Amino acid sequence: MANIDINHLCRLAQLALNDAEHEAVRGDLERIIAMVDQMQAMNTDHVEPLAHPLDASQRLRRDEVTEVVDRERYQLGAPATQDGLYLVPRVVE
Amino acid sequence: MNEFASIGELARGLRRGDYSSVELVRHYLARIQNNASLNTFISVTEDEALIAAAKADQTLQRGKAGPLTGIPLAHKDIFCTQGIPTTCGSRILENWIAPYDATVVACLASAGAVLLGKTNMDEFAMGSSNENSYFGAVLNPWDNSRVPGGSSGGSAAAVAAGLTPIATGTDTGGSIRQPAAFCGVSGIKPTYGRVSRYGMAAFASSLDQAGVIGHDAQDLAVVLSLMSGLDPRDSTSSDHVDSWLESVAESGLQPINEGLNIGLPGEYFKDLGEGRALLEAAARELESAGCRLSEISLPHTDAAIPAYYIISGAEASTNLSRYDGVHFGYRCENPKSLQDLYQRSRSEGFGTEVKRRILTGTYALSVGYFDAYYLKAQKLRRLIQQDFLAAFEQVDLILAPTTPGVAFHTGDLTGDPVAMYQQDIFTIPASLAGLPALSLPCGFSNGLPIGMQLIGAHFSERQLLETSALYQQRTDWHQHHPEVA
C-alpha cells in the first residue's frame, strides 16, 4: 500500500484537520485502504465496469423551462447574502 | 388505542369513527414525548401535524378518504420538507430549512398522511449504528444499552417503540434493512430507481434508494405504492410500469399462492452465529407453505464490502462537495479567506465518519489511484450483479440473514471503522446490484430480534411483499413488541 498523503487529500477535499485528528485519520484510512485492497487479488480481466446498477443510461428530458427562478427563497438557507449575491471573504485585493 | 396497530387497522378505526385523526395524532405525539429518551426524533412537528390531521378529518367526513388519509407517519431527516428543518443528522445542516418538498414527502402528504416529525439518523446516512448523529445516538427500544442499527435507526426504533405506525427510510448499503432487523420491524428497500430521489439528500447516488419501515408487509406495500413511480425530476427514476404496485394500496396485499423457488446462498450462512437456527426455521416455514428450497452460490460476496466502500466513498466525496459554507448550511466564524471559509466550515460542520468517507473517496478518485480503486470496484460490482442475475435463473427469491448477529452494544465498534463496515456484509451486495430487498422479524435470540432478508430480481417487489405476507400470516414474530413507556 502506498503511503497516504493526508495533507494532499485534505487539500483536495477542502478539509482542515488538527494534529490529533490528522493522526487518527491516518490510522483509520490505512486500515480502510488495507481492507479495500483485498480487491486487488480478485480477477476482473475482461469485466466491464458497472456504473448504474440496472445498466441504464440517464433519461433525457425535453429542453423546456420547468422551474422558476426564485432567488430570494432559495437564498434563505445561505449563511450570508446581500442584494441577491452570496457573500464570501475578499478574494481579490 | 393499540399503539402497535398497523395502518390498515388505523384506517378502519378512522373510518368507523372510533377516533379522529386529530386524536390519533395526539396519541402518537404523547408517546413520542414519553419516550424522548430513545432520541428517535430530531424534530417533532406538532403544530403542523394537528393542522394536517384536522384537514384529514374533514376528508374522512366527506367519505373521500384513501388508505393513508389521517394516518400519522415520520420521515427520516434526509428528506427535504418545505418549512421544516432538514438536518441529515449533521451540524452542517443544523438550521437549514429546505425550500421545497422531496417527491416522497409530497406524494405521502397528498395521500393524506400526517407528518409527526423527522427521525434521527447517522450523519448523511453514513453509519450502521446511529451513533454518528450530531443530535446524539438513538437507543434500541429492546435494550437501551444497544444500538438500533443505522442509518435509518430513528425510523426503525420509532416504529418498534410504537411512536409512529410507519416511517420512511433510505438505504444505500443496508440502512433500512439492518435497523429494521435490529429493532424487530419490517423494512423494504425497493429496486434502484423505483422511488424518486428528488429532494432526498444525496450520499451515493448510484446506490441511494428510499423505502419504508413498518409493522408488517401489508403496511410496507401500501406506503410504497403511494410513494413510488416515475418522477421527471429524478433522471434515474425508473419508467418501469407496475400496475400491481400502483393499485395495491387500494386492493390490499394478498399472501402469495404459488410455490416459489427460494435460494439460500451458502456464502451468507457459513459463519452465521446465533441467528442460523432461526433463519433455517423461517426457510422451513416457507417450505411447508409450498415453497421449494435450494442452496445457491453467490461467489463474489467477499468483494462487496471493499467495492462498496470505494464506490460509495467516491460518490459521497463528490456529493458532499456542495456543503461549502457559502450556499447553504453552517459557516465557520470569522473566515480569513475563501479557502479558510471552505475548510473550516466543512471541518467543523462534518463529523468524524463523514470526513473519513470523504477522504476515502478522495483517495480512490485521486490521480494515479482511479484505475486501481474506483474502476476495479465498478468491475467487481458487475461480477456481484452477475452472481445475482445467474441465481435468478434458478430461483425466484433469495432468503438470507439481514445482519451477522443481533444489535451490538453502543460504543462496541465506534473505534474500529472496518469492523463497523463488516456489519453490512449481507445487505451491501443487493444494494450494489440495485435489487429490491426487505427484512422481516423471524425470531429472537436472548430477547433481541433477528431479521430475515428476502432479495428479489429487479422490480420483483410484488413477489417479495406477497411472500412476506405469507410468512407473516403463518408466524407472529412481527407482533412482538418491546416494553416502552
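Predicted model: local features only at pLDDT ≥ 70, side-chain atom pairs only at ≥ 80, totals over all residues.
User: Is Thr360(B) buried or exposed?
Analyst: The cut-off for buried is 20 or more other C-beta atoms within 10 Å. Thr360(B) has 26 C-beta neighbours inside 10 Å, so it counts as buried.

User: Leaving aside neighbours within four places in sequence, which residues of chain A is Thr360(B) in contact with?
Analyst: With those neighbours set aside, the contacts in chain B are Tyr309(B) and Gly313(B). Ile311(B) is 49 residues away along the chain, and its C-alpha atom is 9.8 Å from that of Thr360(B). From chain A, the contacts of Thr360(B) are Leu29(A) and Ile32(A).

User: Zooming out, which element gives the largest share of the side of chain B that touches chain A?
Analyst: The contact takes 55 residues from chain B and 42 residues from chain A. On the chain B side, helices H11, H12, H13, H14 and H15 each give two or more residues. The largest share is 11 residues, and it comes from H14(B).

User: By class, how many residues on that side of chain B are nonpolar?
Analyst: The side touching chain A also has 17 polar and 10 charged residues. The nonpolar count there is 28.

User: What radius of gyration does chain A have?
Analyst: Chain A has 3 helices and 2 strands, in the order α-α-α-β-β. Its C-alpha trace spans about 55 × 45 × 25 Å along the principal axes, and 14% of its 93 residues count as buried. A compact globule of 93 residues would come out near 12 Å, but chain A has 22 Å.

Definitions and conventions. Residues numbered from 1 in each chain as written. Chains lettered and ligands numbered in written order. Helix = DSSP H or I, 4+ residues; strand = E, 2+ residues; numbered from the N terminus. Rg over C-alpha atoms; globule rule 2.2 N^0.38 Å. Buried ≥ 20, exposed ≤ 12 C-beta atoms within 10 Å, placed from the backbone. Contact = placed C-beta atoms within 7 Å. Nonpolar A, V, L, I, M, F, W, Y, C, P; charged D, E, K, R; others polar.
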